Amino acid sequence: TQTVTEHFSEQLSLRARALLHGMGAELPTPGTLLARSPISGGILLPLTIDTPTTVDAAIGRAAGAFPAWRTVPAPVRAAVVRRLAELLVAHQGALAELVTLEAGKISAEALGEVQEMIDVCEFAIGLSRQLYGATMPSERPGHRLMETWHPLGVVGVISAFNFPVAVWAWNTAIALVCGDTVVWKPSETTPLTALACHTLLRRAAVDVGVNPEVHQLVQGDATVGHALVDDPRVALLSATGSVRMGAAVAPRVAARFGRCLLELGGNNAAIVAPSADLDLAVRGIVFAAAGTAGQRCTSLRRLIVHRSIADEVVGRIAAAYTQLRVGNPLEEGVLVGPLIDERAYTAMQEALVRAGQEGGVIVCGGERVDLIGPDAYYARPALVRMPKHTELVREETFAPILYVLTYDDFDTAIALNNDVPQGLSSSVFTLDQREAERFLSADGSDCGIANVNIGTSGAEIGGAFGGEKNTGGGRESGSDSWKAYMRRATNTINYSTELPLAQGIHFG
Ligand code: NAD
């Protein structure tokens, strides 16, 4: 007989099938890649893993589609992205629900993730008329100096489980208007949401008369990723995931003189100064630290609080934490969903044990909440006071743990913010303009994202997203991030009858 959990898992699986069907996806051929739901830990659907032969063929199709695609004018290329945005609007609820089923995000955050896809499509459509090159004054009479931006080639996209659809859209919407073709290898943990996105994009392409081969999907783990990493036809590898993954792929891409765009782990801090608006700060801190069950690259992991207000701030966060509902992310009112899998839960527990060994005190949280059977991992967000910046605190544990440290002077607070290998996001809560400006200045935060009176997570697509140091240095999404997806040519045009040489050189 079926247990209650098995029955529930079966319901989730049926729901996943129905959602895929509603988005026009054919059910995948069953194989050894098991899509699971962290909500119950049960299997949603089995899929086939790509082989070296099928990956090679997919890259071949993307490379084959590139020569024609690159000559389509950029504003015309935008039509496929515009159609994709329409389809995303039409299927926003279904895709978001699939994100919840497969990645465990609460419904509001899953809907927000799909909204981010729609937003970046709109950005890319506008961008298609703004792929500007500069002109520069030439030092020679009768000469013009300028740059032009051209499509690059095949873009390989490797993405992480925690933003299973938005990261793909950031890359793909921009890459397509830039005239590139795309081969996507999603996380092996989230193959179904990938299948849904791939289906919608191919349908968008067919609807507007674009060759659907401009986008390819390959499924599997790091082994399948390696094929993209090592293939010289992949001009740009855009890889999102752990620092460990980045360290493995970057040298291999460099060895073949390919380009990398790396979006790796973070270890994000917020400074809370004595002047801070604490009502606002606590709300910002709780969302950034406990939201998405601490599984955002920009999740708040370190709180650097002025000693004079530390007890009060810790007390207020602890009070807010006890109000957070942990549970099934499909249920209204739940704010913290499951961890992605057992490994994530084990890493969280190991970190909490180590925190104790390194002199830390757990203020609240950390315990498992047994809700939906033995294979689902729900944990209460943990708040831990640490006596100093230990090795553990300098690592990224991808789970909801917030370490609290104290400071006496602002220089120390900035030094602590920067004293980690990663450099993704950071914020300061202060009403003191000098502190805010100092934090944003050249000797302030060393991160790619530095915020004032707002948490570390939840970036808008209009800005460039990414971080420094071990976070990898890549920038995606808004501002001029598109430049990573194109190649630049510098052009000198002589419209005179003379041939003056640069630097005043006389030859012959
Ligand atoms: P992960 O590194 O385990 O996997 C990420 C992707 O890389 C997956 O598709 C995986 O199959 C692939 N991969 C892993 N090793 C590989 C290798 N050697 N060669 C080729 N491909 C390989 O990360 P995860 O657990 O899925 O995601 C969590 C991590 O991602 C966290 O560290 C988080 O901070 C980071 N992240 C960063 C950003 C960002 O924008 N900076 C965004 C989301 C997640």
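**Figure legends: overall fold, ligand shell and annotated domain**

**View 1. Secondary structure of the predicted model.** In this predicted model, the protein contains 14 helices and 23 strands. The C-alpha trace extends over about 80 × 60 × 40 Å along its principal axes.

**View 2. Overall packing of the chain.** The radius of gyration of the protein is 24 Å, which agrees with the value near 23 Å that a compact globule of 508 residues would have. Of these 508 residues, 53% count as buried.

**View 3. The shell around the ligand.** The ligand is surrounded by 29 residues. The closest of them are Ala-160, Gly-225, Gly-241, Glu-263 and Cys-297. By residue class, the shell comprises 13 nonpolar, 11 polar and 5 charged residues.

View 4. Two helices, α8 (residues 222-230) and α9 (residues 243-255), each supply at least two residues of the shell around the ligand. The greatest contribution comes from α8, which provides 4 residues.

View 5. An unreviewed UniProt entry carries the annotation "domain: Aldehyde dehydrogenase" for residues 37-488. In the model, this span is 40% helix and 20% strand.

Terms used:
Residues are numbered from 1 along each chain as its sequence is written. This is a predicted model: local features need pLDDT of at least 70, side-chain atom pairs count only at pLDDT 80 or more; totals for chains, interfaces and linings use all residues. The radius of gyration is taken over C-alpha atoms; the globule rule is 2.2 Å times the number of residues to the power 0.38. A residue is buried if 20 or more other C-beta atoms lie within 10 Å of its own, exposed if 12 or fewer, and partly exposed in between; C-beta atoms are placed from the backbone. A residue is near a molecule or strand if its C-beta atom, placed from the backbone, lies within 6 Å of it. Ala, Val, Leu, Ile, Met, Phe, Trp, Tyr, Cys and Pro count as nonpolar, Asp, Glu, Lys and Arg as charged, and the others, Gly among them, as polar. UniProt positions are given in the numbering used here, feature names are shortened, and annotations may be inferred rather than shown by experiment.
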